[in-house]
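Open the model in your viewer and keep the selection tool at hand. We will go from stop to stop.

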Amino acid sequence: MVSGQILAEVPFPPTVGDIYPPALVDGAEWLTKFSLFIWLAAAIVIVFFLVAYRSPKIVPTKGQWVAESIYGFIREGVAKDVIGHHGLKFAPYLASLFCFILVGNVFSIVPFIQVSPMSHIAFPLVLALCTYFLYLYQGFKKHGFAGYLKHATVLPAPWFMQPLLLPIEALQTFILQPLTLALRLFANMFAGHMLLLVFTLGGFALLNAESLFIKPISAVSWFMTILLTFFELLIAALQAYVFTLLTANYLAGTLADEH
């Protein structure tokens, strides 16, 4: 049976290591499916905006309208609303971040790909570090080195509370913010992929069960896979938005005149 062959080829139940594909070329450990998908996501975003704006018109084409709508949504709804008038200069970065993460996340439901590169901790961590260094640079640029350290760690509280609050604020600003930013995106995409994998392979396992009463339950497992695929699409868009929104929020806190 075909299902029996699939189970023979794919370990069941799946483990964490099963979602990390091997190198595409022997000896080139850096060239994996994940790295290929990262380059593909970047290429899709770049080519889309280049094509959409190759000859802008007063009455926009469908592609131009979609590109302008995405950028306008991030520019007005995130950069301007969260950061304020200073946020307009960060709109290109925030829009690029949103589109790149969104495309990478959508790969999790694309046939023959069905995994998001964001489910590998390395890629969300790099994106979080980009945001981290950006808001640190902006903080030191605006407040100065000592001024930003004070701005980021000192709260308007009584002096006797400062020994308790200072390490907490320093830990949050310089360690927890970038760490949780990366982990939130990674954990959601990783968990979604594992759920799809479990229900898909679970359907084959139930179909190959010896009991005739258990075999029909495989249809339920595959039906759950379909439902989770639509849910994964919602999560893909939501996580891209949350990552972008939190980036804007951290920049707003850094650029604020008062803590």
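Keep in mind that the model is predicted.

**Stop 1: the core.** Select Ile 83, Leu 94, Met 118 and Phe 243. These four touch the most other members of the largest nonpolar core, which has 44 residues. Now colour the helices that supply this core. Those giving two or more residues are α2 (33-52), α3 (62-83), α4 (91-106), α5 (122-143), α6 (145-153), α7 (162-207) and α8 (217-255).

**Stop 2: Leu 94.** Which residues is Leu 94 in contact with, leaving aside neighbours within four places in sequence? Show Ile 74, Val 78, Ala 79 and Ile 83.

**Stop 3: Ser 116.** Move to the loop between α4 and α5, where Ser 116 lies. Is Ser 116 buried or exposed? Ser 116 has a relative accessible area of 1%, so it counts as buried. Display its side chain together with that of Asn 105: a polar contact of 3.4 Å joins the two. Residues up to four places away in sequence aside, Ser 116 touches Phe 34, Gly 104, Asn 105, Phe 107, Ser 108 and Met 189.

Stop 4: Select Cys 99. Its relative accessibility is 6%, under the 20% limit, so Cys 99 is buried. Next, pick Cys 130. Cys 130 counts as partly exposed because its relative accessibility is 39%, between 20% and 50%. How many disulfides are there? The count comes to zero.

Terms used. Residues are numbered from 1 along each chain as its sequence is written. This is a predicted model: local features need pLDDT of at least 70, side-chain atom pairs count only at pLDDT 80 or more; totals for chains, interfaces and linings use all residues. Side-chain values use heavy atoms; hydrogens and water are left out. A nonpolar core is a set of buried Ala, Val, Leu, Ile, Met, Phe, Trp, Tyr and Cys residues joined through side-chain atoms within 4.5 Å. Buried means under 20% relative accessible area, exposed over 50%, partly exposed in between (1.4 Å probe, protein chains only). Helices (H or I, at least four residues) and strands (E, at least two) are DSSP runs, numbered from the N terminus. Contact means heavy atoms within 4.5 Å. A disulfide is a pair of cysteine sulfur atoms within 2.5 Å. A polar contact is a pair of N or O atoms within 3.5 Å; within protein, one must be able to donate a hydrogen and the other to accept it, and residues adjacent in sequence count only if both atoms are side-chain atoms.
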